[in-house]
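Subject: Structure handover

Hello,

Here is the structure to go with your sequence. My notes on what turned up in it follow below.

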Amino acid sequence: MVLGLLVVTAAACGSSESTPERSTATVPQADPGAPNVVVIMTDDQTVEQMRVMTRTNELLRDQGTDFTNFVTSFPLCCPSRATFLTGQYAFNHGIVDNIGENGGYYQLDNRNTLAVWLQRAGYTTDFVGHYLYRYGTRERTEVPPGWDRWFSTIDPSTFRYFGYTVNENGTLRQYGRAPEDYQTDVMADRAVAEIEQLAQGDRPFFLNFWTLAPHVAEPEHSDEPDLEAVPAPRHAGTFDEEWWTAEQAPAFDEADVSDKPVFVQLNGRFLPVTQITAQVHYQRALESLLAVDEAVERIVDALDRTGELENTVILYTSDNGYLQGEHRFRDAKSLPYEEAIRVPLLVRGPGFPTGATAPQLTANIDLAPTILDLAGVEGSLVADGQSLLPLAADPSPPPDDRAVYLQNGPQNEDAAIPHWDGVRAPGFTYVEYEQGGRELYDLEADPYQLENVYGDPAYAEVQRELAGLLVALRGCSGETCREPRFSPSG
């Protein structure tokens with residue numbers, strides 16, 4: 001029986017000339033008995049939304065380790081997914097947008113990713129779902145390097161829950177609008193079938209299941225409602241009575257933003273109809289996740305049925321979060337707020353204790369190093385992150401003093417959000433905006449980021465420390481990304 005690793009994430013992007021590389025003269029092979037890797041990634045899911053995923057919580061969180069302070073270093077789809085595939089910050093892998101000359105599938109060096117490294121080491125690699133932004137816009141039947149088996153939606157149909165096109169190992173398949181064509185269900189059927197096939201082999205496998213949900217059906221790609229996720233027909237209306245109260249979501253339509261940068265202050269309070277629309281979008285997102293929750297159960301059952309479950313590590317995360325009215329932003333990411341940067345990370349399986357919580361600061365740059373560590377393989381890029389295995393194995397780790405670099409992409413003429421970068425450290429977020437403006441939040445005292453304490457004398461030492469860490473992390477690579485530590489003396 002092959003030892004198995006299942007990675008569940010939410011999540012995806014083509015060539016960067018400046019990316020640091022390792023020598024590939026000798027290709028390391030996976031350790032004997034190396035685990036399978038299955039990646040399940042959702043798109044635009046928040047930590048708060050995990051509350052409706054009862055199956056996932058029971059099967060993964062309760063049976064594994066919950067990393068409760070896990071952040072995405074760049075809260076936007078393609079840059080974040082490229083970080084998963086490389087273990088690098090966006091300024092190192094080069095993808096800083098979904099589209100344009102610095103974004104999308106064709107700007108990532110797909111010849112040098114986690115899939116390629118694992119394939120070279122003897123893994124069978126398998127992808128099911130929604131890959132990187134703009135994939136399929138040039139060559140509709142292309143299968144990216146590193147993948148032995150391939151079943152992916154292609155643009156411009158990717159962001160349709162119905163009526164989309166799939167590239168199945170180089171052959172196009174069209175799906176219609178019947179209930180059985182619902183994208184999450186089709187992908188779940190395929191993932192189960194792939195597990196049944198892969199379990200019959202004698203090689204470890206790397207299976208990725210990346211869902212569209214709870215991403216909105218984008219209007220330029222779909223005739224479905226603008227900026228709403230689309231639930232499976234059986235789940236439509238489940239959360240029609242799920243209305244936020246001020247106590248549940250204090251940052252929704254934030255009353256006072258005078259402490260925040262000018263671009264936030266320019267957002268007026270919501271009209272009643274806007275509040276209702278934002279909450280309806282939130283309801284549809286929750287409903288779309290119910291099919292993902294069922295898919296997780298089906299995948300776990302398939303691993304159990306094929307004898308692989310006990311030898312499988314299961315990881316569940318998302319590429320980034322999403323704001324549905326918090327801080328007066330609707331349908332937004334690319335912001336330095338917790339709703340965008342903090343995402344779920346659940347890991348079940350060998351090496352990850354059952355029913356455990358890991359509150360230490362971790363980030364999406366750590367996922368590729370963790371998978372490589374489990375496989376006993378080195379990648380051919382210099383990783384900026386670190387394996388999570390030592391943290392999971394040690395019940396009493398040293399004090400949490402890590403600093404993680406945060407950023408969004410360059411501002412363009414149409415962007416309502418200016419370019420920023422910052423630092424996430426234990427208990428704090430510090431941000432600097434290119435056009436001016438600073439933010440500092442004490443997340444223990446103010447978890448909803450309602451009070452910007454930048455310039456407050458009580459936080460002077462913390463502010464100086466975080467500003468220095470930001471300078472140290474800009475342009476870092478490999479070890480220099482892991483060296484800066486948060487240790488304010490005051």
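Helices here are DSSP runs of H or I with at least four residues, numbered from the N terminus. By that numbering, H2 is followed by Gly-87, whose phi is positive, near 75°. Please keep in mind throughout that this is a predicted model.

Helix H2

H2 covers residues 77–86. Of its 10 residues, 10 are buried, so H2 is largely enclosed by the rest of the structure. The buried residues run from Cys-77, Cys-78, Pro-79, Ser-80 and Arg-81 on to Ala-82, Thr-83, Phe-84, Leu-85 and Thr-86.

Leu-76 sits in the loop between strand S4 (70–71) and H2. Its relative accessibility is 11%, so Leu-76 counts as buried too. Setting aside neighbours within four places in sequence, Leu-76 touches Asp-97, Asn-98, Asn-320, Lys-333 and Ser-334. Between the C-alpha atoms of Leu-76 and Val-216 there are 14 Å, with 140 residues separating the two along the chain.

Cores and rings

The largest nonpolar core has 105 residues. Those with the most contacts inside this core are Phe-84, Leu-114, Tyr-131, Tyr-161, Phe-206, Phe-209 and Trp-210. H7 supplies the largest share of the core, 14 residues. There is also a second, separate core of 40 residues, which includes Val-257, Tyr-405, Val-462 and Leu-466.

Aromatic pairs number 32 in the structure. One of them is Phe-84 with Trp-210: the ring centres are 5.8 Å apart and the planes stand at 75°, so this pair is edge-to-face. It ties together distant parts of the chain, since Phe-84 belongs to H2 and Trp-210 to strand S9 (residues 205–210), 126 residues apart. Both Phe-84 and Trp-210 are buried.

Tyr-161 and Tyr-182 form another pair, with ring centres 5.8 Å apart and planes at 20°, so this one is stacked. Tyr-161 lies in the loop between strand S6 (149–153) and strand S7 (165–168), while Tyr-182 lies in the loop between strand S8 (171–174) and helix H5 (183–198); the two are 21 residues apart. Tyr-161 is buried, at 0% relative accessible area. Tyr-182 is likewise buried, also at 0%.

Ring pairs also join a set of residues into a cluster: Phe-84, Tyr-105, Tyr-106, Phe-127, Tyr-131, Tyr-135, Trp-147, Trp-150, Phe-206 and Trp-210.

Where H1 meets H7

The axes of helix H1 (residues 54–61) and helix H7 (residues 272–305) come within 7 Å of each other and cross at roughly 35°. The crossing of H1 and H7 is left-handed. On the H1 side the contact involves Thr-54, Arg-55, Thr-56, Leu-59 and Leu-60; on the H7 side it involves Asp-293, Glu-294, Val-296, Glu-297 and Val-300. Sorted by class, the contact of H1 with H7 has 4 nonpolar, 2 polar and 4 charged residues.

Backbone points to check by eye

Most residues other than glycine have a negative phi, and most peptide bonds are trans. The following residues depart from that pattern.

- Asp-155 and Pro-156 are joined by a cis peptide bond, with omega about 10°. Pro-156 is in the loop between S6 and S7.
- Ala-213 and Pro-214 are also joined by a cis peptide bond, with omega about 0°. Pro-214 is in the loop between S9 and helix H6 (262–265).
- Asp-44, which is not a glycine, has a positive phi of about 70°. Asp-44 is placed in the loop between strand S2 (36–42) and H1. Its relative accessibility is 3%, so Asp-44 counts as buried.
- Gln-449 is not a glycine either, and its phi is positive, near 55°. Gln-449 is in the loop between strand S19 (438–442) and helix H11 (460–473). With 0% relative accessibility, Gln-449 counts as buried.

Regards

Methods: Residues numbered from 1 in each chain as written. Predicted model: local features only at pLDDT ≥ 70, side-chain atom pairs only at ≥ 80, totals over all residues. Heavy atoms only, no water. Axes fitted to C-alpha atoms, helices over the stretch in contact; angles between N-to-C directions. Left-handed = near helix turned anticlockwise from the far one by under 90°. Contact = heavy atoms within 4.5 Å. Nonpolar A, V, L, I, M, F, W, Y, C, P; charged D, E, K, R; others polar. Core = buried A, V, L, I, M, F, W, Y, C linked by side-chain atoms within 4.5 Å. Buried < 20%, exposed > 50% of the residue type's maximum accessible area, 1.4 Å probe, protein only. Phe/Tyr/Trp six-rings, centres within 6.5 Å; stacked < 30°, edge-to-face > 60°.
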